[in-house]
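Me: I would like to go through the labels used for this protein one at a time. Please give the value, the cut-off and the conclusion.

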Amino acid sequence: MRPPEWTPMRRDMVLAALVLVLDVGTVLNTDPGSRPLFPVGWALLVLSAAALVLRQRYPIPILVLSSVCALLYYPLGFPDSPMALSFILTLYVIARDCWRPVSICAALVLAIAFPLAPVVVHQLAVEASEAPQTHTAVAIGVILLLTIAAGEMGRDRRERVVAAEQRATEAEATREQEAWQRATAERLRIARELHDVVAHQISLINVQAGAALHTRDEGGAFAALEAIRAASKEALREVRAVLGVLRQVDSEDQVRPAPSLSRLSELVAHSEASGLPVRLTGDSEVPALPAPVDLTAYRIVQEALTNAVRHGQASTVWVDLRHTGTDMIIEVENDGTTRADPLPVRPGNGLLGMTERVAAVGGELHACPTTGGGFRVRARLPVALPEDGTG
C-alpha cells in the first residue's frame, strides 16, 4: 500500500499536536498559581496550538489569533507554558513567505504589545496581575529578531532552490532545443546528399532511356542501355556509401572516396555519355581544398549538369573552375533553348540544396537565366572555412 503523501498541512498538524502536548505537559507539572486553567486557560492553549494547522495557508490571521491568545494568557496569571511557540512559528512563516515589511511590522507590534498587555489587562480586570517589566520587552524583541532572521534564511534557501531548479529546467530545454536543431540539420544534410547522389544519375538514366526508345539504330540502343547500366551502378554505389555512413557500422571493406573535384572527369564522362557535351575551362589543375569545400564544389557542378540534362535542353555545357588564392570560383553555363525569364528563378530542391551547401561553407551562389535562353550558376567558395566550423 502506498504511504500517504507528507504534505505541509500534515506536517503542521503534527506540529500543532506536539505544541499542544508540550503546553499541557508543562502546565500540569507547574504550580497552578492563583488562577485555575479551566475553562479560559485551556481554551486559549488549545486554540493557540490548533491554529498552527492553518499557518501555511493563512499566516497573518493565524499570527493575530495566536498573539491575542498569548497576550491574554500570560497577563491573566495562568500557569507558565510555552504557548508562545505558536506565534513564533507563525512569524517564521511570515518572515519566510510574505513581504519583508509585514514581518518587521508584526515584530514591532508584538515587542510593544507584550510589555503593555499586563497594564491594559490590569485596568480591565482587577484580578489580573500587573507586571510591566522592561526586560520582558527586551526578551521578546530578541526572540522576534531571531525568528525573523531564521525566516530570512529559509527564504534565501528556498530562492536558491527555485533558482537552481529554473536553471536546470532551462538547461534541459536548451539541450533539447540543441538536439532538435542538430537532428534537423543532419536530416537536411542527408536529404541534400541523397538528392545530389540520386538526381544526377536518375536524370542520366532518364535521358538514355528516352534515347533508347526513340532510336532506330540497334547499336545506338545498346550504347544507351550500356550508359544506363553504368549510371545505375554508380548511383547504387553512392547510395550504399551514404547509407553505410548512416549505419556507422565498422567494416573491413574499402571505403569509397568521398566525391571531390578530383573525380570531376568521371562526372563529365557520365554527362557526355548521355549526349551532353561538357567543356572544361579555367585552371587545369585545382589545388587541394578543405574537404567540405571540395565536396560542395563537386555537388554544385553535379547539380548544374543535372539541371542542364533535365530542364535546359542544352547542346553544350561550359564548366569553368578558377582558384584565386582565397576563393574557388565555379561557373557552369549551358546554351539551353529555354526562354530566358527576367523574373527571379523559382528555387527547387536542387537550387535550394546548392544554396544551403554554399552558405554552410561561407560562400555565395548566384543562379539566373542567360540572355540566350540558357542558364548560368556561379558560386564563390572561400578556401578557408568559417571559424564556427559550420562547414
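**Labels and their grounds**

Reply: Start with arginine 155: it is buried, with a relative accessible area of 9%. The model is a predicted one.

Me: Why is arginine 155 called buried?

Reply: Buried means under 20% relative accessible area. Arginine 155 has 9%, so the label buried applies.

Me: What makes glutamate 152 and arginine 155 a salt bridge?

Reply: Their closest N and O atoms are 3.6 Å apart. The cut-off is a side-chain nitrogen of Lys or Arg within 4 Å of a carboxyl oxygen of Asp or Glu. So the pair qualifies as a salt bridge.

Me: How far apart in helix H6 are glutamate 152 and arginine 155?

Reply: They are three residues apart, which is about one helical turn. An α-helix has 3.6 residues a turn, so residues three or four places apart point the same way.

Me: Is glutamate 152 buried or partly exposed?

Reply: Glutamate 152 has 22% relative accessibility and counts as partly exposed. Buried needs a value under 20%.

Me: Which other salt bridge does glutamate 152 make, with arginine 100, and at what N to O distance?

Reply: The side chains of arginine 100 and glutamate 152 meet at 3.0 Å, N to O. That is within 4 Å, so this pair is a salt bridge too. Arginine 100 lies in helix H5 (residues 100-124) and glutamate 152 in helix H6, so the bridge ties together parts 52 residues apart in sequence. Arginine 100 is partly exposed, with a relative accessible area of 41%. The structure holds 14 salt bridges.

Me: What makes glutamate 331 and arginine 322 a salt bridge?

Reply: Their closest N and O atoms are 3.6 Å apart. The limit is 4 Å, so the pair counts. Glutamate 331 is partly exposed at 23% relative accessibility, and arginine 322 is partly exposed at 31%.

Me: How do you know that the buried residues of H2 line one face of the helix?

Reply: In helix H2 (residues 40-50), the buried residues are Gly41, Leu44, Leu45, Ser48 and Ala49. Seen down the axis of H2, they fall within an arc of 120°, so they line one face. Their cover includes helix H1 (8-28), H3 and helix H4 (84-97).

Me: Which residues have the most contacts inside the largest nonpolar core?

Reply: They are Ile300, Val301, Val319, Ile330 and Leu381, in a core of 36 residues. Elements that each supply at least two residues of this core include helix H6 (134-214), helix H9 (291-312) and strand S3 (327-334). H9 gives the largest share, nine residues. Another core lies apart from it, with 19 residues, among them Leu63, Phe87, Ile94 and Ala107.

Me: What does isoleucine 330 touch, beyond residues up to four places away in sequence?

Reply: Its contacts include Ala297, Ile300, Val301, Asp320 and Leu381.

Me: Why can isoleucine 60 be part of a surface patch?

Reply: A patch residue needs over 30% relative accessible area. Isoleucine 60 has 41%, so that condition is met. With Val64, Val68 and Leu72, Ile60 makes a nonpolar surface patch of about 310 Å². Isoleucine 60 sits in helix H3 (residues 59-73).

Note on methods: Residues numbered from 1 in each chain as written. Predicted model: local features only at pLDDT ≥ 70, side-chain atom pairs only at ≥ 80, totals over all residues. Heavy atoms only, no water. Patch = residues over 30% accessible without salt bridge, like charges linked within 9 Å, V, L, I, M, F, W, Y side chains within 5 Å. Areas by Shrake-Rupley, 256 points an atom, 1.4 Å probe, with all protein chains shown as cover. Helix = DSSP H or I, 4+ residues; strand = E, 2+ residues; numbered from the N terminus. Buried < 20%, exposed > 50% of the residue type's maximum accessible area, 1.4 Å probe, protein only. Core = buried A, V, L, I, M, F, W, Y, C linked by side-chain atoms within 4.5 Å. Contact = heavy atoms within 4.5 Å. Arc of directions from axis to C-beta.
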